[in-house]
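Please review the structure displayed below together with the briefing that follows it.

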Amino acid sequence: MSTAAPQPPQGPTPYDSSTPNGPVRSPRAWYKKKRFVIPIVAIILFGWIGSIGGDETESTATSEQALTPADSVEEPPVEDDAPTEAELAAQAEEDAGEAAETAAAEAAAAEAAAAAEATAAEEAAVAAAAEEAARGTVSQQNALRSATNYLDYTAFSRSGLIGQLEFEGYSTEDATWGVDRVTVDYNEQAAKAAKNYLEYTSFSRSGLVDQLLFEGYTPEQAEFGVSQTGL
């Protein structure tokens, strides 16, 4: 006859009524118990939220510290450099005065330039008139040539030469203009005339002086001319 294998002793079941203390529950793991899980989850949640808030607070504090200067330095007051109305009025008055002075100086310069130009034009006109007068008319130029030819031929005093040209038909003005522009030494002419008279006839000193005076020489010229003959 076979013997059965020995069975290990079995403990009482949870709801075994034969146990002296009534039904026994099987023990649960710690993480399945609410009294442990809820507080732990709350602690972890609060810690996580606190870490986030702490990071934001630290970041904000760091930003504020970066924006705030390390040393509090008061900025100097900014001076208002804008000119006042009085200063603007004074500057405007000064500018107006300078403008007036500049305009007056320019006007004076223009007036002086105009006066100088007018003077130059007047002087030019006078010079042109003098040049034309010196050049003379055709009749005056002819009178000048005739006077020169007469002096080459014989001796004449100034008045005697003018009379000769008038005898030739020149006006007194043209004859005078021509004679006055002849280069001649009338003392020399008087000496030449006195010599010519002595070659023609005899004269005393006083008679020869009178003859030269009659020819139109001045007393000084006549005395000089006669003295050159040896009388």
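Does Tyr197 count as buried or exposed? At 18% relative accessibility, Tyr197 counts as buried, where buried means under 20% relative accessible area, exposed means over 50% and partly exposed lies in between, with a 1.4 Å probe and protein chains only.

This is a predicted model, in which local features need pLDDT of at least 70 and side-chain atom pairs count only at pLDDT 80 or more, whereas totals for chains, interfaces and linings use all residues. Residues are numbered from 1 along each chain as its sequence is written, and side-chain values use heavy atoms, with hydrogens and water left out.

**Overall architecture**

- The protein has 8 helices and 0 strands; helices (H or I, at least four residues) and strands (E, at least two) are DSSP runs, numbered from the N terminus.
- Along the sequence, the pattern is α-α-α-α-α-α-α-α.
- Of the 231 residues in the protein, 16% are buried.
- Among contacts in the protein with a separation of 6 or more, 54% are between residues 24 or more positions apart; contact means heavy atoms within 4.5 Å.

**Helix packing: α4 with α5**

- Two packed helices are described by the angle between their axes and the distance between the axes.
- Helix α4 (residues 158-167) packs against helix α5 (residues 172-180) at an angle of about 135°, and their axes are 9 Å apart. Axes are lines fitted to C-alpha atoms, for helices over the stretch in contact, and angles run from 0 to 180 degrees between N-to-C directions.
- The helices α4 and α5 are therefore oblique to each other; angles under 35 degrees count as roughly parallel, over 145 as roughly antiparallel, 65 to 115 as roughly perpendicular and the rest as oblique.
- The crossing in which α4 passes α5 is right-handed. A crossing is right-handed if the near helix is turned clockwise from the far one by less than a right angle, and left-handed if anticlockwise.
- On the α4 side the contact is made by Arg158, Leu161, Ile162, Leu165 and Glu166, and on the α5 side by Thr172, Ala175, Thr176, Val179 and Asp180.
- The residues of this contact between α4 and α5 comprise 5 nonpolar, 2 polar and 3 charged. Ala, Val, Leu, Ile, Met, Phe, Trp, Tyr, Cys and Pro count as nonpolar, Asp, Glu, Lys and Arg as charged, and the others, Gly among them, as polar.

**Helix packing: α3 with α5**

- The axes of α3 and α5 are 7 Å apart, and the helices pack at an angle of about 55°.
- The pair α3 and α5 is therefore oblique, and α3 passes α5 in a right-handed crossing.
- From α3, the residues Ser139, Gln140, Gln141, Ala143, Leu144 and Ala147 meet Glu173, Asp174, Ala175, Trp177, Gly178 and Val179 of α5.
- The contact of α3 with α5 divides into 6 nonpolar, 4 polar and 2 charged residues.

**Helix packing: α6 with α8**

- Helix α6 (residues 186-200) and helix α8 (residues 219-227) cross at roughly 50°, and their axes come within 7 Å.
- The helices α6 and α8 are therefore oblique to each other, and α6 passes α8 in a right-handed crossing.
- Tyr186, Asn187, Ala190, Ala191 and Ala194 of α6 meet Glu220, Gln221, Phe224, Gly225 and Val226 of α8.
- The residues of the contact of α6 with α8 comprise 6 nonpolar, 3 polar and 1 charged.

**Individual residues**

- Asp174 lies in helix α5 and counts as buried at 12% relative accessibility.
- Not counting residues up to four places away in sequence, Asp174 touches Thr137, Ser139, Gln140 and Ala143.
- The C-alpha atoms of Asp174 and Gln140 are separated by 4.8 Å, although the two are 34 residues apart along the chain.
- Ser146 lies in helix α3 (residues 138-153) and counts as buried at 18% relative accessibility.
- Leaving aside neighbours within four places in sequence, Ser146 is in contact with Leu165 and Tyr170.

**Aromatic pairs**

- A search of the whole structure finds 2 aromatic pairs. Rings of Phe, Tyr and Trp (its six-membered ring) pair if their centres lie within 6.5 Å; planes under 30 degrees apart count as stacked, over 60 as edge-to-face and the rest as tilted.
- Tyr150 and Phe156 form an edge-to-face pair, at 5.8 Å centre to centre and with 75° between the planes; both Tyr150 and Phe156 are buried.
- The rings of Tyr197 and Phe203 have centres 5.7 Å apart and planes at 75°, so this pair is edge-to-face.
- Phe203 counts as partly exposed at 23% relative accessibility, whereas Tyr197 counts as buried.
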